[in-house]
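Student: I have a structure open and would like to learn how to read it. Could you walk me through it?

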Amino acid sequence: MQAINLPKAAELTSPNPVSVVCTEKTDGGTNLATVSWWTYLSFRPGMIGFAMAKTSYSGDMVRNNQKVILTIPGAEIAEAVMGCGTTTGRNTDKAEQFHIELTSIPGSSIQIPVHSRVAIQGRMKEYHEVGDHYLYICDVEQVYGSEGEEALFAWNGYSQLRPAK
Ligand SMILES: Cc1cc2nc3c(=O)[nH]c(=O)nc-3n(C[C@H](O)[C@H](O)[C@H](O)COP(=O)(O)O)c2cc1C
């Protein structure tokens, strides 16, 4: 084996997971951000975690109101999901900019992309500083799924989004 760095390791572990973290903006609208660094943490009780750069607007919103829905995007919105990972909700309405159709789920004011394979509604329990990111640990409140949507994954590290099959 050769000594490599973590970005190279992420290329070697491709395909990597991809989620869209949906948060509530200060104006009540929904912000969408692409996040690969998420994981299940516990089934009983249900808990998930995800890491977001300290500078991200989504992180600000989760720390503001503790509310988040993490979705696994469907293949149909691959291009738009890449857009959500290269712009910030500080100055962009991403759903409008990338023509992402949103829908509501019961009991949440945050909307999610219609083309989602899974949606995990969570509430932030705690967050921890981890280098240049914060790790958000969330209790799971509700989970929704749609087998008809084909899940997206990140290939070549995080440079391309397409299904795993
Ligand atoms: C495929 C892909 C995966 C990404 N994964 C993460 C991630 O796990 N954590 C993170 O902080 N940013 C990740 N990003 C970058 C964020 O989506 C990007 O910084 C975005 O502008 C944040 O938006 P916000 O400021 O509206 O929160 C990823 C981007 C792409 C394209």
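Tutor: Gladly! Let's begin with a pair of strands: S4 and S5 run antiparallel and are joined by 4 bridges. Keep in mind that this is a predicted model.

Student: What holds strands together in a sheet?

Tutor: In general, strands of a sheet pair through backbone hydrogen bonds, in a parallel or an antiparallel sense. Here, S4 and S5 form a hairpin, with 4 residues between the two strands. Within this pair, tyrosine 40 stands opposite isoleucine 48 of S5.

Student: Which residue lies in the loop between strand S4 (38-42) and S5?

Tutor: One to look at is phenylalanine 43, which lies in that loop.

Student: Is phenylalanine 43 buried or exposed?

Tutor: The cut-off for exposed is over 50% relative accessible area. Phenylalanine 43 has 70% relative accessibility, so it counts as exposed. Its C-alpha atom is separated by 9.2 Å from that of valine 140, a residue 97 places away along the chain.

Student: With which strand does S5 pair over 7 bridges?

Tutor: That is S10, and the pairing is antiparallel. In this pair, methionine 47 stands opposite aspartate 139 of S10. Because 6 of its 7 residues are buried, S5 is largely enclosed by the rest of the structure.

Student: Now a helix, please. Which way do residues three or four places apart point?

Tutor: They point the same way, because an α-helix has 3.6 residues a turn. Now find helix H2 (residues 57-65), where Tyr57, Ser58, Gly59, Asp60, Met61 and Val62 are buried.

Student: What covers the buried residues of H2?

Tutor: The cover includes strands S2 (19-24), S3 (30-35), S5 (47-53), S6 (67-73), S9 (116-130) and S10 (133-145).

Student: And what should I look for at the ends of H2?

Tutor: Serine 56 caps the N-terminal end, with a side-chain oxygen 3.0 Å from the backbone nitrogen of glycine 59. After H2 comes glutamine 66, which has a positive phi, near 65°.

Student: Where is threonine 23, and which residues is it in contact with?

Tutor: Threonine 23 is in strand S2. It has a relative accessible area of 0%, so it is buried.

Student: Which residues touch the most other members of the largest nonpolar core?

Tutor: They are Cys22, Leu32, Ile69, Val81, Ile112 and Leu161, in a core of 19 residues. S2 and helix H3 (78-84) each supply at least two residues of this core, and H3 gives the largest share, 4 residues. There is also a second, separate core of 17 residues, with Ala33, Val68, Ile72 and Cys138 among them.

Student: Which residues does isoleucine 69 touch?

Tutor: Beyond residues up to four places away in sequence, isoleucine 69 touches, among others, Val20, Cys22, Ile105, Ile112 and Ala119.

Definitions and conventions:
Residues numbered from 1 in each chain as written. Predicted model: local features only at pLDDT ≥ 70, side-chain atom pairs only at ≥ 80, totals over all residues. Heavy atoms only, no water. Buried < 20%, exposed > 50% of the residue type's maximum accessible area, 1.4 Å probe, protein only. Contact = heavy atoms within 4.5 Å. Polar contact = N/O pair within 3.5 Å; in protein donor to acceptor, adjacent residues only side chain to side chain. Core = buried A, V, L, I, M, F, W, Y, C linked by side-chain atoms within 4.5 Å. Pairing = 2+ DSSP bridges.
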